[in-house]
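My notes follow in the order I took them.

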Amino acid sequence: MDTEPGGADTLAYGSPSDSILYIIENDTLKFKRVYTIDHPAYSPNRDTVHSAVVRATSPSIQENGLAAAGSITRGIQVSSNSSVSLQSSMYLKIKGNLNDDYTVQGVLTDKTSPLQPIGNTRRLNDFERVLVQIDGPALNASIGDIDLRLRNGKFGKVDRSIEGISVQTHSRYGGSGGALGFSYGQYHLLQIQGKNGKQGPYRLSGKNGEKFIIILAGSEKIKLDDHLLIRGEDEDYIIDYNAAEIHFTQQNILSENSRISVEFEYVPDIYLASYSFGKRLISGEVSFGNRNDSPLFISAAWQDIRDDQNNPLGNVEADELRQIFSELGNATSTAEISSIVRDTLGGSYNMSANGTLVYQGAEQGDYTVDFNFVGLDRGQYRKEQNALEPYFIFDPQFGEYLPSQLYVAPQSLSVFSLSGHAQKKGLDAIFDLGISQDTKNLYARSNKGPNKLAWDINAGLKRPIYEIRLGDKYYESGFISHDALESLEYYRQWHLNPRKSEEEHLSYGHLRLGEQNYVKTSISQMERSGVIKGQQLHIDGKSNPAAPVHANYAAVLTRFDSTISQNHNFESAYTRGKLTTGLHLELEDGSSSAYYSTNDHLTSGLMTSYEYSDAHKIILKYDRRLDYRNLQANQTFLNSKNVGNWTDQRQDWIGEYQFANFMNSQGLLNMKYREHLSDSGAVKKYYLGKAQVGGQILGDRLTFQEEYQLDEEHIPKYDYHYIEVDTGYGDYSFDPVINDYIPLSGGRFVQQRIFSDREEQVRKYDNKTRLEYSSEDFGNLDKIAIKSRFAYESRLKREVQSNTDIQSQSLIGFNLDFQTGQSSLLTKLGYSGKITRNSSTLYNYGNEDNHFTSHGLDGEFLWNPNNYSKMGAVFESRERKLEYNLLAHEHWTSSRPFINHSIKISPQQKLDLNFQYSLVSDKQNEKAYSEIYVLTKHSLRIRRRGRIDQQLSLSNIQADVQAVPYSVFSGRQPGDNWKYSLNSRYIFSSMFQISMNYSIQKRGDNQSEQYLRVEGRSLF
């Protein structure tokens, strides 16, 4: 070996280098000082060891700032009990920059979900959508499932969820836009009058009085006394979209003076409501200038929403509807056609002298009649079920059927709107102009309705310390728009019903004095059909909110022929350091009218809060409301004689303490004492409260969480109404033995609830407790340690008048793990126990009681690194009673010793063996059952990219009965039960994988069932 200058010797003693050169004769060898092995990065969608852990897939396409991720799936599914079906889905999510100015984002999928979310939370779940959106300085475009929000002045407002396309262009000189799409929803504004103490449910109905409707999720805007509410269990209300029912939380206590307005989109329940129409929407808009900062701005828009008259949705044909409505005018929207047909051979009804139908018996009458459900409001006939053949009898009080069919014609509404402003040196003019064309019957020979005009114009002078405006608003008789023009509260203040076909004219003036501290006044005069209805004065004053003392005052005074209605609202607050105090007063007097219930009341309240630090705050409140129901319309209570004659009083005393970082805990304590005095002389006093505490103590080894809630509600009593449907589509069946309906999948009836005015005052007690203790060395097998968990939940509803429990639920769970300190053989001992109880009184069926207890003991054995066992026994007992179904009674106890053993054959292969013997004593049927159950699981990983899982279960049940209660053996029945399943998946690359699922099973004497699914998925 020879070394050249600067070779090995130089490297050894000279400057550091990352390699060494060896020169042997004419050959040179180069060695690195440090060698490393780099494995290629690999990130499959789902970890092959822990299949339950899903890892996010990084975007795989990066080009010009654009990221895309998604998959395409194609598969085939075969079952022994059904035909072959193809499975297909596609999902693509894109987000990024098209260039320096434009961004694109979207989701493309062909997955659909027939279910709607439950409106218990403030934010609804994001359901699968198809949407691509491009945003930039000059263009905004969306295509797919769009929440369309059009705003062109007062008359060009449209809020709809559509499937279509929307494009808007804009610049400093103007803009344009358009939308084209299809929607199934129909807009409706509904007013509901509250009831004393009734928090819900309040049921919504359709525009034409439809009882069975489905609310489109997220489309609702709910206002209480003209204040917009927030959805959520911890907010103002929850909503059941499919049942079209609203429940209000205890944030706002409702009474018969509460005014509820609901804007929503809905579709009729096609099966129950006969039929409906989808809707086509077309809009276009062009503008000159900028609405926010241009001195001159003009915008014109046109929106047309019309029913798809050629494709009605439901149990009706377009030709049938066209034949009914073609001879009617374009202003006729409904037609009710008698379903009474003279049939002397097969008829079952005769007609009395006064025109009512009388059942004579099958084929014993002169008329055949088709009765249709219309509800209690319009119904005249009641269905008599207590007969071999159901029939209808005349009963105007409880009838829900009519011998006729109501038909609704397809309609259309077009609105042209022109809006804008002109401004110069403080002078400005604002104008809105609208022209609407409403066609009630598109099948009419002339399918264009008359044009109707509306405007809202005002002009004024605006300076920092003052502002003066004059305006004029006019609606021609018959003018309507796509969405509500005015709130229901607006018309209530004028003591008028919402305008439908009347002409309306409002003239007004406005004056503001001051800037941060200001007073605003407005004077207006209302005319209906050329007749003056009254004058109105608005006063609104505010002080600087940044000042230590600030106040707000608002008043509305309305003068009619000989009376004055007034509404005053005053709020003030004083802040000094950590202390804040405030008060509020509200007065409404003389608001009685023919269209709205009286709402005369006097409300007052005080509030004090002290923020000791960022972690401690105390709040004290007092609220009181006095209601007045004067016998004479428009009579004032503001005199010495009437002010003390209140007819209803509610007052609350509220205390709340909020804390954090206090002895490693945080939470809140809230207590409310409510007193309710009514004109009946009864006094109702009760407490409401909420406590939440959570934290860690004992060196963070003990974690605790406690939540307790005491609540009060009025639950309406209701009865069930059953609608007969085709066999196989219902959920209930009529049982002549008990003369009632019982739940039965595939029955002939569907269930609807009919609420009455009778209600139950109910107290609710909810409690949740969680405790978990873990000693310091738990998890280190060489140390003796324990870990325990305790959980307790309870819910109780108690009817106040009878002091009886109508619902009682509880759950107690306890787990204890003892670590022996041995790293081999017996390593752990454990106990797990659970007790659940459920007792409830159902209005229609009677009582239900359910009691379940489970105790388990086990030990864990680590024989060596590749062999692990768990041995133990589980002892269970269940007792269940259903008053309406004697066959569903259960009362049994069981003991189930078991052995589970896991063998790690190799890093890529694992085998699980489970054995269980069950001995069950059925005390209900005085029988005994036994089962030998064996389960084997085998998993194999293939080169980190594939996985094969096999599972085989064998069971033999010894029982001398035909059927065993489902909960005893998880559905397995007497005799031999077996099941084999094979699940496999192989990832060829980060962009493609294939999977297969196969299973075959047999339960008792039933035939075997097979299932096969093969699927390929491409990721990109």
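**Aromatic pairs.** I counted 22 aromatic pairs in the structure; rings of Phe, Tyr and Trp (its six-membered ring) pair if their centres lie within 6.5 Å, and planes under 30 degrees apart count as stacked, over 60 as edge-to-face and the rest as tilted. I looked up Tyr475 and Phe479: their centres are 6.4 Å apart and their planes lie at 5 degrees, so this pair is stacked.

Before going on, a note on the source: this is a predicted model, where local features need pLDDT of at least 70 and side-chain atom pairs count only at pLDDT 80 or more, while totals for chains, interfaces and linings use all residues. Residues are numbered from 1 along each chain as its sequence is written, and side-chain values use heavy atoms, with hydrogens and water left out.

Are Tyr475 and Phe479 buried or exposed? Tyr475 is buried at 1% relative accessibility, and Phe479 is buried at 0%; buried means under 20% relative accessible area, exposed over 50%, and partly exposed in between (1.4 Å probe, protein chains only).

Next I took Phe659 and Phe662, with centres 6.3 Å apart and planes at 80 degrees, so I logged the pair as edge-to-face. Phe659 is buried at 9%, whereas Phe662 is partly exposed at 40%.

I also found one aromatic cluster whose members include Tyr349, Phe371, Phe392 and Tyr401.

**A charge over a ring.** The charged end of Lys578 sits over the ring of Tyr612, 5.7 Å from its centre; the test asks for NZ of Lys or CZ of Arg within 6 Å of the ring centre and within 35 degrees of the ring normal.

**Cores.** Which residues have the most contacts inside the largest nonpolar core? They are Leu204 and Phe248, in a core of 20 residues; such a core is a set of buried Ala, Val, Leu, Ile, Met, Phe, Trp, Tyr and Cys residues joined through side-chain atoms within 4.5 Å. β18 (259-268) is one of the strands that each supply at least two residues, and β18 gives the most, with four. Strands (E, at least two residues) are DSSP runs, numbered from the N terminus.

Leaving aside neighbours within four places in sequence, I see Leu204 in contact (heavy atoms within 4.5 Å) with residues including Leu190, Ile213, Ile246 and Phe264. Apart from this core lies another, of 12 residues, among them Val316 and Phe325.

**Sheet.** Three strands form an open antiparallel sheet in the order β12-β17-β16; strands pair if DSSP finds at least two bridges between them. Two bridges join β12 to β17, and Arg203 stands opposite Glu245 in β17.
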